[in-house]
Amino acid sequence: MCGIVGYIGDGNVYDILIKGLHRLEYRGYDSAGVAMVGDDGQLNVYKTMGKVSNLETFCSQKNLGARLGIAHTRWATHGEPSDTNAHPQTSQDGNIAIVHNGTIENYKVLKDALIQHGCKFASETDTEVLVQLIEYIRVTNKCSLLTAVREALKQVVGAYAIAVIEKSNPDTIIAARQSSPLAIGIGDNEMFLASDATPFVEYTKECVYLKDGEVAVIRRGEPLKITDLDNKDARIDVKTLELSISELEKGGYPHFMLKEIFQQPETLRDCIRGRVVEGGRKININGVNDNKEVFLNAKRIVIVACGTSWHAGLLGKYLIQDMCKIPVEVEYASEFRYSNPVLDERDVVIAISQSGETADTLAAVKIARDMGAFVFGISNAVGSSIPRETFSGCYIHVGPEIGVASTKAFTGQVMVLTLLALAIAQLKGTLTDAEIENLGKKILEIPSAVEKVLKLADKVEHLSLIYTYARNFLYLGRGYSYPVALEGALKLKEISYIHAEGYPAAEMKHGPIALIDAEMPSVIIAPKDHLYEKIVSNVQQVKARGGNILAIVTEGDQQICRLADHVLEVPDMPECLTPIITSIPLQLLSYYIAINKGKNVDMPRNLAKSVTVE
Ligand code: F6R
């Protein structure tokens, strides 16, 4: 997982690359670098540990005039973060530079063979192996760079999106992809490439997403050329980008995460638009309408996802089982792919991924497809790999999520899963028209209910001061509030580095209750639902052991308000819609605690937005 950028054209090469790297910093930020064929005819490679801003300082005294260039922001996999392991990596003779996102699985075998041929390695990266292999083939076979890249890639096992340049060729960038994303932007006499379209959306709206096994030749003054590894021409499918530049900026907020939390009324409106129609009486999901037989005959649904998307998937299980009476299993994609899954054509597999690029989820999609299951994708990033690899699907339409901790994508995923469950229930007749209309109307009220919840921000900020120095937290919930507890705990861990455990509240007495004392706060999600009386007893159990309680309750609650140390009241909603409402105060709590601790909330340590490696 890393971000790559490339540019060829008459613009300021260095400025365009650096700006692009800043846009891709969500993909990794432990080192960064650029390689440019300079005005002086040299291959100038500048790279350093740390964020892109460190690279800018490092480059301030360097020769930055260039004809083309490639750049990289890294999230280390092979080789610790260091100046040497940073990309671009160069060949031994210094003539070829490469940037790479992905992992070369057979790098050890290739490296040993190259060492036998006298090759010397400077870094510990798998990427250096690839560039040395390209150089070796280029020199040994006396072939062009393009041929050497193709031949090298035929020997490689693994995932890659790469861009390669050469000192002696100031007019060409070669790019290729296998399982890692790569987009090419086509401008007026200029071309861009990047891990996603955000680095070039301000220059051009014309974009080509490279497919697996394709190689692109980006040559100054010539149209884009794409072939496969055997040099057979591939079809070039130009898409028009719908992203706008304002969507990529902070819009007056101090952090992307806070902006994204506060965007939720709007993003949920966008997510619902056109899908709840006739005043709530009808739910319109194209992926269901177009595949009625599949959903009518589904004997089982298997949801695959990772992290926050897995938490949304767990809610999907509750929603689909409650509304559609179809058994649902929820699997971590990383476990599913190695678990010898048993699937057939009457199974529906739903893959959930904000980025649409998570390597494990993508692998799970491919396995499910190969086994004959119908695969449905729920993604945010338009044109990403998962929507392209699935038979049908549904976008959550929440706009680019830049903060590493997922917020608006989570509520968008939960909303889409709710609509999906309702659409299937409508099709199967497992809910009455009146039940659908009642829920449809309530869904239309969700954006304003979320606006109301966001008014709690000042209170949450104040409460966060009380909780900032706790070293461990327990998050408890039952039924629909259990996945919310898991998600609340994950948010806190990710950005404030405080240990937090999400637990089903009733399960607590089988172990975690031993941890409870005055030092460990419990955040208890306890809206008025059919398990309310049960969670009241769980609150009492924590209280009886001297625990401190922060509870999320429904407006007007009395019982828990009397027991808890602090409460946050949220609007009343039907049980299945409470997760969207109750998760928002937890997002705010983790944000403010992390701010109080002085942490970088948008770029937490060791994490990156898109996990395109195993
Ligand atoms: C947590 C978070 C991660 C992602 C996970 C899956 O805030 O963002 O846990 O949810 O890496 O990512 P996607 O949804 O892009 O597949």
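## Helix packing and a parallel sheet

Helix 3 (residues 107-116) and helix 4 (residues 126-141) pack with their axes 10 Å apart and at an angle of about 45°, where axes are lines fitted to C-alpha atoms, for helices over the stretch in contact, and angles run from 0 to 180 degrees between N-to-C directions. Helix 3 is therefore oblique to helix 4, the term left for angles that are not under 35 degrees (roughly parallel), over 145 (roughly antiparallel) or 65 to 115 (roughly perpendicular). Tyr107, Leu110, Lys111 and Leu114 of helix 3 make the contact with Asp126, Val129, Gln132, Leu133 and Tyr136 of helix 4, contact meaning heavy atoms within 4.5 Å.

This is a predicted model, in which local features need pLDDT of at least 70 and side-chain atom pairs count only at pLDDT 80 or more, while totals for chains, interfaces and linings use all residues. Residues are numbered from 1 along each chain as its sequence is written, and side-chain values use heavy atoms, with hydrogens and water left out.

Helices (H or I, at least four residues) and strands (E, at least two) are DSSP runs numbered from the N terminus. Five strands form an open sheet in the order 18-17-19-20-21, with parallel pairing, and two strands pair if DSSP finds at least two bridges between them.

Strand 17 (residues 300-305) runs parallel to strand 18 and is joined to it by five bridges; valine 304 has glutamate 331 of strand 18 as its bridge partner.
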